[in-house]
Structure formats: C-alpha cells, structure tokens
Amino acid sequence: MELAYLDNAASEPLRPEALTAMNEAAASLAGIGANPSSAHAAGRKAAALLETARAQVARALGAEPAEVIFTGGGTDSCAVALRGLARAARRQDSSRTQIVVSQVEHDAVGLNARDLQDAGFKVQVLPVDSGGVVELEAVSALDTTQIAAVSVMSVCNENGVVQPVSKLCHLLAEKVAADTRAGQGDHSAGGKGTGSGSDSGFAIHTDAIAAAGRQEINFAGSPVDAISLACHKVGGPAALGVLLARREVKIASDRRGGGQERALRAGTQDVIAAVGAAAAFTAAQQELAETKGRHQQLREKLLQGALKIPGVKLASEALAVPGIVQFALQGAEAEGLLFALDQAGICASAGSACHTGVARPSPVLLAQGYSEQDALGSLRISFGWSTRDEDVDRLLQALPGALSASRKLAERERK
C-alpha cells in the first residue's frame with residue numbers, strides 16, 4: 001500500500017537534488033578519506049567540497065559563509081546556541097543569569113534551558129495567548145540587565161503559528177534603552193544583541209526549524225543574532241543541522257575538541273551530508289513562493305473537508321504558515337486516531353509526545369488553555385515539497401472512521 005505522507009514537519013523526504021548532489025560528492029571522494037581537516041591532497045579535496053557547500057548554504061539563507069556553522073542536527077544547533085550564548089554573556093557579566101524562552105518552545109530549547117538552571121541560570125518564560133502567540137506585554141516586566149540569552153521560535157512546530165520575533169526584538173531594544181536610561185546597569189557585554197546594533201549584553205536566538213521551507217530565511221535582514229535549522233526539515237539529510245551565528249556574537253561552546261566550525265562544534269564534519277544540505281536549502285528557498293501557494297491550496301482543501309466533521313476544529317486561529325495544520329479533536333485521543341490512520345496508510349502525528357505507549361497531552365495546547373483531556377485529542381498535518389492533492393483526499397476519506405474509532409476507544413478507557 002502506497003503511503004500518504006503528511007508528517008513533513010517531523011521530516012521531509014530526501015529531495016532528488018540532495019540525493020544527486022550527495023551521490024556526486026561520494027563518487028568524487030571514492031577511494032580517499034573525507035576528513036576536511038587533513039592537510040594532504042585528499043583532505044584538501046574534502047575541504048573544498050565542504051566550503052563550497054557552506055557558501056551555498058550561506059547564499060540560500062542570506063548569510064555570510066563565516067556565519068554558517070554545521071552541527072549534528074537541529075537539536076544540537078539549538079543546544080550549542082542557547083548554552084553557548086548564555087555562558088558567554090555570564091562570563092562577561094556575572095549578573096547575567098536569566099534565560100528568556102517562550103512557553104511553547106520545542107524541547108531542543110526548553111530542556112536545554114531547564115538544564116542550565118543546574119549551572120546557576122534562571123529561566124523566565126514568556127506566556128502565550130489562547131492562539132499560541134507569545135504575549136509581548138511580558139517584555140515590560142523583564143530586567144534586561146540580567147538577561148544572558150533570549151530564545152523564541154519563529155514558527156511553532158505543532159500548530160504552525162508564526163511568532164512575532166521581529167517585534168519582540170524591537171521591544172527588547174526599547175527596553176534595553178529604557179533600562180540604560182534608568183541607570184540600572186552596565187551594558188558592555190555581548191554582540192549585536194537585539195538587532196538594533198546596540199551593545200545590549202545579551203543575544204537573541206530563534207529556532208527556525210519549522211520555518212525553513214515555509215518562510216523566507218534571510219539572516220542578513222534578520223534582527224536576531226543566531227538561527228537554528230535542521231537540514232532534514234527541507235528535504236536534506238537528517239545527519240546535519242545548521243547554526244547561523246553572527247561573527248561578532250560571543251558563544252562559549254561546550255562542544256570542545258579539534259576546533260572545527262569556529263571552535264563551536266568540534267568533530268570531523270560530514271562532507272557528503274553538507275553537500276546534500278546545500279542542495280536542499282537552495283531548492284527550498286528557490287521554490288518558496290510556489291511551495292507557499294501550493295501549501296495554501298492544500299490547507300484550504302483540508303480545512304474545507306475536516307471542519308465539516310463534528311468535534312473537529314483548528315487548534316489555533318492565529319496567523320500560521322499554511323504547511324502546518326493542527327486540529328483539536330473533541331472526545332478523541334491521538335494514540336488511537338494515529339493507529340487507525342496508520343492502518344489506512346496515512347502518516348500523520350499528534351504534535352504531542354508518546355512514550356512507551358502512554359499518550360501525553362500536547363504541551364502547546366495546554367499552554368493555549370486547553371484542558372488535559374482536550375489536549376490529548378491533537379492531530380497535526382504537515383505538508384512538504386512532495387505532498388500531493390491525493391494525500392489530502394485520502395486523509396479526508398479516512399478521518400471520519402478513524403476519529404470514530406478513536407472516540408469509542410477513549411470512551412471505553414474512561415469507563
């Protein structure tokens with residue numbers, strides 16, 4: 001049975017362009033080692049491929065090659081950024097011990113922020129409203145003289161909601177200026193900071209992993225200091241992530257070793273994966289306008305059919321990228337629903353964690369104010385470069401029966 005793949009926010013299929021580029025790179029390196037740190041001819045050949053890939057990624061994402069750092073994946077990129085930015089700020093100013101994150105961050109940011117509490121940092125959480133959008137009014141309560149790092153995602157990976165990152169940066173810049181005028185502290189550390197060009201003493205990071213391929217990524221025009229990306233989210237290899245970091249921003253990395261990647265993420269680079277990532281990001285950016293239009297058409301078809309089913313509603317009415325749609329399903333539980341859809345050959349997700357067969361409510365829906373019971377009934381549908389109209393048609397055909405089976409199962413379990 002052919003699968004209808006509708007879980008592209010988890011991972012997109014490998015793009016043909018990426019596969020071709022990786023095969024060509026592998027063929028060119030056949031019979032020789034591919035360690036780009038080696039000084040001999042084989043190492044120089046690998047290094048040339050790596051740096052060409054870095055330049056291509058930079059060109060696709062509006063960055064300079066020196067701002068492109070290859071990591072071990074999106075989670076690794078977020079960890080290097082958040083941990084490194086926070087530690088660097090505190091080294092320069094011991095009073096900077098506060099990390100600011102949003103209530104709906106992915107665990108790649110949220111758990112790393114929590115772990116930093118063991119190292120003496122305090123975590124300040126910006127709440128979200130009922131649509132899952134960060135409430136910017138909370139910025140006024142922050143003491144910018146104590147902030148070490150800020151991390152707010154660009155697009156929520158569960159519901160596709162677009163977060164107001166640029167406005168957040170603007171408000172932080174205003175707050176820094178106000179705190180400075182009030183004489184609350186010395187703002188002498190850090191890099192570009194709030195994107196205003198001022199020496200704010202802290203840096204701003206965004207997890208743009210769910211945004212890539214769905215929004216334009218232009219680092220040169222962005223107000224943030226660092227951006228995390230995952231290559232497999234745009235049809236590249238899963239073995240690689242990218243951290244875009246301004247050269248002037250200080251990062252105290254704990255990924256020590258041979259000094260690769262600006263001494264921020266040590267370890268021998270995967271040259272072939274980097275070549276595939278370059279091809280994937282290039283294709284994703286070139287096709288962005290067409291992709292957004294196609295995703296919008298798929299979204300409209302999906303909503304027109306799904307919202308006719310009793311008890312099915314959009315999890316958020318806030319502005320979202322068209323390629324990620326999250327439903328809240330009354331009376332259902334995601335575990336049974338996904339099993340029924342899987343039996344019909346449809347790949348989707350709940351947008352919530354399931355460990356050892358025990359369903360857990362969507363943390364994003366909980367943050368939006370849903371009850372634990374309602375947050376168990378989450379369904380995320382996400383489109384990618386290869387999504388077809390017939391994939392959505394098959395989902396709409398299977399969804400009523402799968403939802404009915406899930407509700408019956410949930411009712412039995414509650415008795």
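This is a predicted model: local features need pLDDT of at least 70, side-chain atom pairs count only at pLDDT 80 or more; totals for chains, interfaces and linings use all residues.
Residues are numbered from 1 along each chain as its sequence is written, and side-chain values use heavy atoms, with hydrogens and water left out. Local features need pLDDT of at least 70 and side-chain atom pairs count only at pLDDT 80 or more, while totals for chains, interfaces and linings use all residues.

Trainee: What is the mean pLDDT of the chain?

Mentor: pLDDT is the predictor's confidence in each residue, from 0 to 100. Over residues 352–356 it stays under 50. In the chain, 94% of residues reach 70 or more, and the mean pLDDT is 92.

Trainee: How many disulfides does the count come to?

Mentor: A disulfide here is a pair of cysteine sulfur atoms within 2.5 Å. By this rule, the count is zero.

Trainee: And which cysteine sulfur is nearest to that of cysteine 231?

Mentor: Cysteine 231 is in no disulfide. The nearest cysteine sulfur is 13 Å away and belongs to cysteine 78.

Trainee: Is serine 378 buried or exposed?

Mentor: Buried means under 20% relative accessible area, exposed over 50%, and partly exposed in between (1.4 Å probe, protein chains only). Serine 378 has a relative accessible area of 0%, so serine 378 is buried.

Trainee: Which side chain joins that of serine 378 in a polar contact of 2.9 Å?

Mentor: A polar contact is a pair of N or O atoms within 3.5 Å; within protein, one must be able to donate a hydrogen and the other to accept it, and residues adjacent in sequence count only if both atoms are side-chain atoms. At 2.9 Å, the partner side chain is that of glutamine 326.

Key: Contact means heavy atoms within 4.5 Å.
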